[in-house]
Amino acid sequence: MAEFEGMGYGLRCSSRLETGAQALFVPSSVIFSGGNGNTIARAHGQIQPLSDADAIAFNLLLEQAKGPKSVWALYMSMLPPAVLTPKLFGQPALSALHEPQVARRAARAHDLAAATLVRVSPSLRRAVRAGCALASASDMNICIEAHTSMASWAWALSIVNSRALIFKGVRFLVPIADLVNHRTHIGAWMREVEHGNFFLKHHVLSTSGLHTSSDRNFAPGYQFFEDYGDNPTHIYVEHHGFVPEEENPFDCAPVKLPSLNHDGNGRANSRIDVLTAVGVHRMPSKCMPGELNRVRQDVRILIWALSINTTQLEACPATLSDGAASSQCEYAFPLPSLHERVIAPALLNEATGGLAAFKTTLKKDEMALVDPLLAHDLRLSICFRKSRKRVLMRLASEAAAAIICETS
C-alpha cells in the first residue's frame, strides 16, 4: 500500500506482474457483505431486511464506533473522510455539470438515505452503543451521535457506493482490493461493451474469498491499476467521485432524440408498431458514444423509423407481415449500408446541437481548470462536462466524415 498524488491510497507492485497472474487475494472472512451486515443488524433488533448497501453501511458504522478495538481498524483508518460526488456538490458545481438529471438523482438519493436512516436508527444506535462501549468511549452520548447522525450515515453509504464490488447483483466491500485505482486498459478502444465481463474476468469471488488477477503487465515499483470496465464517465462521477484522466472509450453524451409514445398521434403509433415489428420494444438510450461504430443498432433503427415518410409507414406493416424485403421497408431485413445517409446527418445534427447548448467552450473549461484555487467540486464538474463535449465532438467529426463518404 502507498499514497499516490491526487489518488489517495493505492497498491504498488513489489515484483513484476504478467497479464493474468494473480495479483491479490482477500479472504472471505474480512469481506463486508449485505448478508453479514443484515445478520449484525438483526442481532441489534432490526426487523426489516436491509439492502446490501444499507447493511454494509450499518456494519461500517459499528466497526468505526469500535475504534482501535475493531479488527478492521487499520482499514477504517485508510478510508477517506468524504467521497465527493454530486450528492455533496454545492449549487455552483451542480449547475456547472450542465445536467439537471444528475442533480435530481443526487437529491433523490439523499432523500432515500434520510428515510432509511429513520427506519434503521433504533437498531443502529443499539449497535453503535455496543461499539462505543467496547472502545471505552469517554463520552457515550457523543460517540453514539457521531456514528448515527445523517452525516455519518451518508458517509458510510458513500463508501459503499464508491468502493463496493458487484457480483451478480450483490454488493461486497472488499478491503485492500478496493484501494486499486482505475486506469483504462490499452486495448479498451478495441473492446465491445461487455456489460462488465472484462472486469469479472479478472475478479473471481468464491467461498474462500476474492481472487484478483492483473489485466496487464506491471514492472516492480509501479502502481497497480485495473480497468473498472465498460462504464460511461457519469458512473465514475456520480458514484466514485472522479473523471478518468484519459478519454473513456465507453463514454457517452445525451442527445435529444424524440421519444415515441402510444397516444392520439397516428403517425407516432405507426412508427412504434414498425419498431416493435423489427424487434425494438422500448425507446433506446439517448446517451450516444463518440464513435459511429459504437452506436447501438436500436438507435439506428429508431432514427430510420423517425425519418420514414407516410408512404413507407403504410408499406412497412404489409412488408413485415409478408416477410419479404421491399424498397419501402428495407431496414427490417439484412441491412445494406446501415443507412448512414439518414443516420449520420441526424447524429451530426444532435451532436452539434448538444455542443451549442453548453454555455462555455472546451477552451474556456481548460482555462478555468488552470486556477489552483478552484473548488474541488467545481473542478470535478468542469472535468465532467469536458468529457461530454469531447464525446460530442468525436461524434460530430465521425458523422460529418460519413456524410462526405456517402456523397462522394
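## Aromatic residues

Which residues form one aromatic cluster? They are Phe32, Trp72 and Tyr75. This is a predicted model. Across the whole structure, a search finds seven aromatic pairs. In one of them, the ring centres of Tyr228 and Tyr236 lie 6.2 Å apart. Their planes meet at 55°, so this pair counts as tilted.

Is Tyr236 buried or exposed? Tyr236 has a relative accessible area of 1%. The cut-off for buried is under 20%, so Tyr236 is buried.

## Confidence

The chain has a mean pLDDT of 88. Of its residues, 92% reach 70 or more. One stretch calls for care. Over residues 332-338, pLDDT stays under 50. For this stretch the model has twelve contacts beyond four places in sequence. Where pLDDT is low, predicted coordinates should not be read in detail.

## The three-stranded sheet

Three strands make an open sheet. Their order is S3-S9-S8, and they pair antiparallel. The edges are strand S3 (22-27) and strand S8 (203-205). Each edge strand pairs on one side only. On average, neighbouring strands of this sheet are turned by 15° against each other, direction ignored. Strands of a sheet pair through backbone hydrogen bonds.

How many bridges join S8 to strand S9? There are three, and S9 covers residues 209-213. These two strands run antiparallel. His203 has Thr212 in S9 as its bridge partner.

## Helix H7

Helix H7 covers residues 150-163. It has 14 residues, which should span 20 Å at 1.5 Å a residue.

Why is H7 described as largely enclosed by the rest of the structure? Ten of its 14 residues are buried. Among them are both tryptophans named here, Trp153 and Trp155. Ser152, Ala156, Leu157, Ser158 and Ile159 are buried too.

## His185 in its loop

Where is His185 found? His185 sits in the loop between strand S7 (181-182) and helix H8 (197-201). The relative accessible area of His185 is 17%, and His185 is buried.

What does His185 touch, leaving out residues up to four places away in sequence? Its contacts are Arg191, Phe198, Asp215, Arg216 and Asp227.

Conventions
Residues numbered from 1 in each chain as written. Predicted model: local features only at pLDDT ≥ 70, side-chain atom pairs only at ≥ 80, totals over all residues. Heavy atoms only, no water. Pairing = 2+ DSSP bridges. Helix = DSSP H or I, 4+ residues; strand = E, 2+ residues; numbered from the N terminus. Axes fitted to C-alpha atoms, helices over the stretch in contact; angles between N-to-C directions. Expected span 1.5 Å × (residues − 1). Buried < 20%, exposed > 50% of the residue type's maximum accessible area, 1.4 Å probe, protein only. pLDDT = per-residue confidence, 0-100. Contact = heavy atoms within 4.5 Å. Phe/Tyr/Trp six-rings, centres within 6.5 Å; stacked < 30°, edge-to-face > 60°.
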